[in-house]
Amino acid sequence: MPQPLNYLKETPSQTAGPYVHIGLAPRAAGFDIYDTELGFDAMPDDVPGPRIRVTGCVFDGMGATVRDVLIEVWQADAAGLYPDQPGAAAGFRHWARVVPDFDTGQFTLDTVLPGAVLGPQGRMQAPHLSLWLVARGINTGLQTRMYFADQDNAADPVLSLIEQPHRRDTLIARGADGHYHFDIHLQGDKETVFLDV
Amino acid sequence: MTLYQRDRTWHPPALAPDYKTSVARSPRQAMLSIEGTVSELTGPRFGHGAITPLDGDLIANYAKDGDPVGERIIVHGRVLDENGRPVPRTLVEIWQANAGGRYRHKKDGYLAPIDPNFGGCGRVLADDQGHYAFRTIKPGAYPWRNWVNNWRPAHIHLSVFGTAFAQRLITQMYFEGDPLIAHCPIVQAIPDPRAIDALIAPLDLNQAVPLDCLAYRFDIVLRGRRSTVFENRPEGN
């Protein structure tokens, strides 16, 4: 017997279920309990960078909207920097939670346009949002990214790894000048590319 | 810095047909594997500013005119990484049904009543050694529309952050000895019985408060991290 490798195993994932809002967005569940709900606090006015609004829906394999999804967003600031990097914007959370309207399934995210981010081997990554989706029926949270149609995505090191060129489009939000639309398809012909990071 | 590969054979697969909602909500294409970049290897941090000590006490944090009804318990444990190192000051959020299996959610129509003194959610920051603790009511089992006669075991949902967005994890904690665990399609979507055991909290009498409340212990393990060695990464650690 060789020496044992005594690593622990990661705690297995389970679905967030239909009532994820109780824990992560209680006002959406219909009650008020915390002074501050994390992820929904407004962005301070002095955070630098152009404001953007992203709208969209999440669809299941039958084309129906997924109205009980919860999305988390993690992003660089307008200069392409994350917290703790020298020069990162003070007061910007970089992180948000997004819950769609329970009746229509449409979500809205208000944030700043991220800058290009330094990537592997010194290559620049095109501006993007990192997204993480949880919902009933999703056993392990799904990671993906959203890029912007009016930015230069040609040299992005992640997009360029997608073998089928038409699938790259599933990560690119339509729109320009601060107004974007991004639909996420969990399954089917328009299936969004999900990432194993 | 880089994270250990997530073992996708240990986690439940996306498509688990006995859990019916997963059929239309699971991707059919393979995931794209990417090396983590700064976009995935960093993540949000939370200070004590927005969180109050009451937030972790579900017996008190929604009490209106008395204590909630049910079995009083402490749920505590540590947040560790796969190296066994504590994950300090990370945010742990929980949510659950009340003692009768009813959620305080406008979409829950189960006939069991709402408890006027129970909200069902809490949040704490782990301490410097990764310890966390909640005080709550043991949740009840409840029926759900999957098979006609499916019942979820008693469970508490947990959400944990770690330090990297790619460590983000949501899971469910079950209670030692619950006979419904063996019958639940959501639990049994996990292929390895050892992985299911990792979601079952044992009774922890040592941490019970005599004449007041029982305790269960639940440790949470997030993906391990290491410094990059022998790799030419201009972006550094």
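Predicted model: local features only at pLDDT ≥ 70, side-chain atom pairs only at ≥ 80, totals over all residues.
The model scores ipTM 0.96 and pTM 0.96. Residues are numbered from 1 along each chain as its sequence is written, and chains are lettered from A and ligands numbered from 1 in the order in which they are written. Local features need pLDDT of at least 70 and side-chain atom pairs count only at pLDDT 80 or more, while totals for chains, interfaces and linings use all residues, and side-chain values use heavy atoms, with hydrogens and water left out.

**View 1. The interface of chain B and chain A.** Chain B brings 89 residues to the contact and chain A brings 76 residues, contact meaning heavy atoms within 4.5 Å. Between them the two chains bury about 7,300 Å², 58% of it on carbon and sulfur atoms; buried area is the accessible area (1.4 Å probe) that two parts lose on being put together, summed over both. Of the area that chain B buries against chain A, 12% is supplied by Arg25(B), Leu32(B) and Phe165(B), more than by any other three residues.

**View 2. The salt bridge of Asp68(A) and Arg25(B).** The side chains of Asp68(A) and Arg25(B) meet in a salt bridge, 2.8 Å from N to O, the term standing for a side-chain nitrogen of Lys or Arg within 4 Å of a carboxyl oxygen of Asp or Glu. This pair crosses between chains, from Asp68(A) in the loop between β1 (51–59) and β2 (70–75) of chain A to Arg25(B) in the loop between α1 (21–24) and β2 of chain B. Helices (H or I, at least four residues) and strands (E, at least two) are DSSP runs, numbered from the N terminus. Across the interface of chain B and chain A the rule finds eight salt bridges, and over all chains the count comes to 23.

View 3. Strand β12 (residues 195–196) of chain A runs parallel to strand β2 (residues 32–33) of chain B, and two bridges join them; two strands pair if DSSP finds at least two bridges between them. Asp196(A) has Ser33(B) as its bridge partner in β2(B).

**View 4. An open sheet in chain B.** Five strands of chain B, in the order β5-β4-β9-β10-β11, form an open sheet with mixed pairing. At the edges stand β5 (121–125) and β11 (200–201) of chain B, each with a single partner strand, so one side of each is left without a neighbour in the sheet. Strand β9 (residues 155–160) of chain B and β10(B) run antiparallel and are joined by six bridges, and Ser159(B) has Ile170(B) as its bridge partner in β10(B).
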